[in-house]
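Subject: Structure handover

Hello,

Here is the structure for you to look over. My notes on what turned up follow below it.

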Amino acid sequence: MFGRLGPFELILILCIALIVFGPSKLPQVGRSLGQAIQEFKKGTADVKKEINSLTEDTPENEKNA
């Protein structure tokens, strides 16, 4: 249902953001969004790392070693 965003959809989203936030706040909103995405990626990487370390330390793996 939700495929890739085309150029028309991106332009529409940018126009709506410009109307809602105004031209002076738009760079600040973009910066905040970028930082939020970066923190989310860092958090998911930490969770994956923790899961991998837990699965490596299971007793089943120690018996097979």
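**What was found**

Ser 53 lies in helix H1. Keep in mind that this is a predicted model.

Some context first. The chain has 2 helices and 0 strands. Of its 65 residues, 5% are buried. The accessible surface of the chain is about 6300 Å². Carbon and sulfur atoms account for 65% of that surface.

**Helix H1**

H1 covers residues 7-56. A straight helix of 50 residues would span 74 Å, at 1.5 Å a residue. Between its end C-alpha atoms, H1 spans only 45 Å. Where does H1 bend, and by how much? The bend is at Gly 22 and comes to about 105 degrees. A proline, Pro 23, follows within four residues.

The Ser 53 side chain reaches the backbone oxygen of Glu 50, at 2.8 Å.

Thr 55 also sits in helix H1.

**A nonpolar patch**

Which residues form the nonpolar patch on the surface? They are Phe 8, Leu 12, Ile 16, Val 20 and Phe 21. Together they have about 520 Å² of accessible area.

Take Ile 16 from that patch. Ile 16 is placed in helix H1. Its relative accessible area is 46%, so Ile 16 is partly exposed.

Best wishes

How values were computed
Residues numbered from 1 in each chain as written. Predicted model: local features only at pLDDT ≥ 70, side-chain atom pairs only at ≥ 80, totals over all residues. Heavy atoms only, no water. Expected span 1.5 Å × (residues − 1). Bend = angle between axes of the 7 residues up to and from the residue. Polar contact = N/O pair within 3.5 Å; in protein donor to acceptor, adjacent residues only side chain to side chain. Buried < 20%, exposed > 50% of the residue type's maximum accessible area, 1.4 Å probe, protein only. Areas by Shrake-Rupley, 256 points an atom, 1.4 Å probe, with all protein chains shown as cover. Patch = residues over 30% accessible without salt bridge, like charges linked within 9 Å, V, L, I, M, F, W, Y side chains within 5 Å. Salt bridge = Lys/Arg side-chain N within 4 Å of Asp/Glu carboxyl O.
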